[in-house]
Structure formats: C-alpha cells, structure tokens
Amino acid sequence: MRLSVERKPIRVNPDPKRVIARFFFNGNDRAKEVIQRVMSISEESAFGIISPLLQEYSKRHRNITRVLNRHCSKLKPLFVDLGIDFDSLTVYRKLLIGSYFTHEYSIESAAFFNPSIVEDPDQSEMEEGQRRVIISFRAVGEGHISSITFRRAMIDKDNQITVQPAGSYIDEAEIVRNAVYNKKLFLEKAAITQIDINVLNELEAKLDHHFEYANLRRIIIESQKLQENDMMRLEYDKVLWLADSYYEIVFSMDTDISDRVIFPISEYERKGIEDARFVKFTHDDGTSVYYATYTAYDGSLIMPKLLQTTDFYNFKIMPLYGAGAQNKNLALFPRKINGRYAMISRIDGCNNYIMYSDKINIWEKPDLLQQPKFTWEFVQIGNCGSPIETKEGWIVITHGVGPMRRYVLGASLLKLDDPTVEIGRLKEPLLVPNSDEREGYVPNVLYSCGSIVHNNKLIIPYGISDSSTSFAEVDLDELLNRLKEDGIE
C-alpha cells in the first residue's frame, strides 16, 4: 500500500507571452546585404520605421533601445568590411539596424517542468512557520531549447503554497568571461569532447599551466591563420567553444527573480540547459552558498556543469570533470560528509552512483549505490534532486522508469554518516501520474529536481508530463517510518 500523499491544488503553467529579444544572425553575406539596404534609406524614413517599433516593443521589453544598440554593435566588423564609419551613424539608424538583427523568443512556449526548490536567501518579514522559497524550472521554447527560469513562492504555517505572479519582462544576464583555466583539467575535458589530438598537443606546448581566455583566443587565432584545412579550423573553434563554457553572468539589481532567465550561452549548451538541481550548501563554518548541477547539451554531447550563486543575481558557471562527471542526474549533498564533498550521479544512464571529492568540480571513482529493483523502475533509477538530511538519514527522492516508459517518484534512505549504505527503499512508488497528469508534451511523466522540508512535511514540486508543475506533500515521519519498514531486502 502506498503512502498517503497530498497533492496541492496548484498548477504553475507556461506563459508563451514571456519573451526575450535575442540576437538574430544569418551569416556575414546576408547581414551585409541587410545593412546596405538600411543604409540606402533616408534619415527621415529610418526614424519613421524605428519610432513606432520602439513604442510597440517597449511594452514587451524593459529596455529595448539598449538591446537594439547592443545587437547593432555586434556587427561592427561588418561595417568595417563595408567601408562604413560605424561611429558616424545616427542613433535612430543604429537602432533600426539592430532591429533587423533581433527576434523575440518565447522561452516557455513548448514546456515548463522539472522544478527544484530552495530556501530564498531573503527571509525578512516572515512570520513563525512561514518560509519564502525560490523555485527553478526547465523552460522549453522553439527548437526544444531549454533554459532555467525562476519563480518566488511563500509557504505558510499550514504548508499552503502561494506562487508569486511572474513579472512582465524577462532579462538575459550580462556575460563576464574572467576565468583562469587550469591547463591539465581543461585539456582533459577537451579530450572527452573528442577535439583533434594534434590540436590539443599543440595547445599543451603553447599554454601556461594557468591561462586566461584572452591568451587562449590569441593562440587559437594565430594557429587558425596557418591552417588551410577547414575541418581543422573547426577543431580550433571547438576549443574556444569549450572555453566559453566557463563564465559568469550578472543580472540587473532592478529585476525580479521571475525576470531572470539563464539561457544557453556557449556552443556546448546551444541545444539546452537541462534539469538544474539547486541546493543550499552549508560550509563547515556555517556560511552557505547555492549550487546547481545541470546538463548542458549541444545536440549530441552531454556536458555536466556546475552553477554557483549566493544571491541569485550573480552566477558563476563551470564544467565538471572526472570519470564521475558523466551523463545526467548529478546531485550534490547539502554539506560535506566526513570532510569531503559528496555527489549522487547516474553515469551509465541506468543506476545511481555515489562519489566523494576534495574539490567541488572534480569527481572521480564513482561507486554503485542503487540498481533498479522493483517493476516500476526496471528501465532505470535516478535521483530527483539533492539528498535531504533528517535525523534518521539522507532521504533521496528517486525517479523510476517502468512499463510504457512511465516515470514515477520513489524514495530511499541512506545512512547519515556513510551514505554509501542504503537503509531503506520504498517498495511502492511515492507518486504516480494520475488521470489529470498523464497528458502533456511527454505523456506519463512525473519528475522533480529538488524538494524541501517545511513544518515536518516534505514538499515535492514536480513536473507534469513536461507541460506544467504542481506540488505534493508527505508527512516526514510517516515517510521515514515506511522507509525503515520496507528496508532494502
């Protein structure tokens, strides 16, 4: 008999009206043709076209003139090729040119799912028993491109959840590339991405032990100039794509959390940022930071990455390394265990593994933790977010895939001081798709990327068939008792 689980009468649905203004580029030749056409019209005509556009799109974007100017500035090298003095252009003509290289992208138009929930850094003005939380989602738009979006919510003393309405605008962050790279680790990751070994050997000889992006880019450009083979030039480009996977992003302080979207930036994540698992990590000295593991996808290659923030305005992003940093489903424990970082992973796509590390971005020697046991998880078992610490052990919400590729949620209990030891696993699923949850972008799927305990209840946000998100609640003591009763057999 399954545990009693309360489904909350809440649905967080995608909103196709939430759009960002993105740079649109169809190649140098076509871009030059467009620029020349815009340059051929009079100043009066340029003003007459851009003026109503600004009025219309200022209602849809916080600072559309800044966006159009930025997109126009990206074309400066083409103006040089065309013999046009960029600085002599009028404000309105620059804006008009920028508008021809801008398109709106609806980030939530296709799907909105796989939520993760953490405590908001700001708990001011909360009454006893209340808690402010931040929920992240995987949002999918045109072309099945995934990004990370956020909502703020409040849980009251009775565990009722109120999700705050989303803001009217969406902002992409400013990108900062100031990483210092470790040559050994960088080239190891490059080898995994199958970049030509001759290119990597050349870089190994030319790069310092630690190097910056600008230096790498200079070496790459110089090497490409000497290369006549187009395919080999592409191999050098791939090195820069990998370097682009390290970056920081900064959101404006005047944005609401729902205004911020983390959109794919590097080439190695151009097809999506998938299934971020956020966790509030507490250091030994009591300070805390938020981490999220996620999957970057370029259409063929999967690259696990780590995101770090303290305030949800400033984020640092980097790839993860090592034999354990493979495939999907990496979930970090919320504190060190016996002096080391700990992580659950699913490196073979089927089983759960556990691993330890002295460095948060290097993961080696994964050990098998769980294999499919019950019929509802025969295809695969994986985690649904970071383990949750309780007095009885670590609760891990799992997902199991069974007949008809139905995704259900389960739960396991790991030993507190040695999570390689499984104490118990539910024999029956904790949550299965009901008749109202089976239909969607991907039918018959329930999935979560992180839960939270509040007022001795485990609150699980979960994606419904990849189309929307809801919440379930289970009594923590009842869950722990059942886990111990079921054991591991």
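Which residues have the most contacts inside the largest nonpolar core? They are Phe186 and Leu216, in a core of 63 residues. The model is a predicted one. Leaving aside neighbours within four places in sequence, Leu216 is in contact with Phe186 itself, and also with Leu203, Leu207, Phe211, Val239, Leu240 and Ala243. Another core lies apart from the largest one and has 22 residues, including Leu426, Tyr462, Leu479 and Leu483.

The largest pocket holds about 1,700 Å³ of space. Its lining is made up of 42 residues, and Arg22, Phe23, Lys74, Ile175 and Ile265 lie nearest the centre. By class, the lining residues of this pocket divide as follows.

| Class of lining residue | Number of residues |
|---|---|
| Nonpolar | 19 residues |
| Polar | eight residues |

Lys316 belongs to strand 16, which covers residues 314–319. Is Lys316 buried, partly exposed or exposed? Its relative accessibility is 40%, so Lys316 counts as partly exposed. Not counting residues up to four places away in sequence, Lys316 touches Tyr247, Glu248, Leu306, Leu307 and Gln308. Asn338 is 22 residues from Lys316 along the chain, and the C-alpha atoms of the two are separated by 26 Å.

Technical notes:
Residues numbered from 1 in each chain as written. Predicted model: local features only at pLDDT ≥ 70, side-chain atom pairs only at ≥ 80, totals over all residues. Heavy atoms only, no water. Helix = DSSP H or I, 4+ residues; strand = E, 2+ residues; numbered from the N terminus. Buried < 20%, exposed > 50% of the residue type's maximum accessible area, 1.4 Å probe, protein only. Contact = heavy atoms within 4.5 Å. Core = buried A, V, L, I, M, F, W, Y, C linked by side-chain atoms within 4.5 Å. 1 Å grid on protein atoms, 1.4 Å probe; cavity = no way out; pocket = protein on both sides within 12 Å on 5 of 7 lines; lining within 4 Å. Points joined across faces, edges and corners; volume = space filled by probe spheres on them. Nonpolar A, V, L, I, M, F, W, Y, C, P; charged D, E, K, R; others polar.
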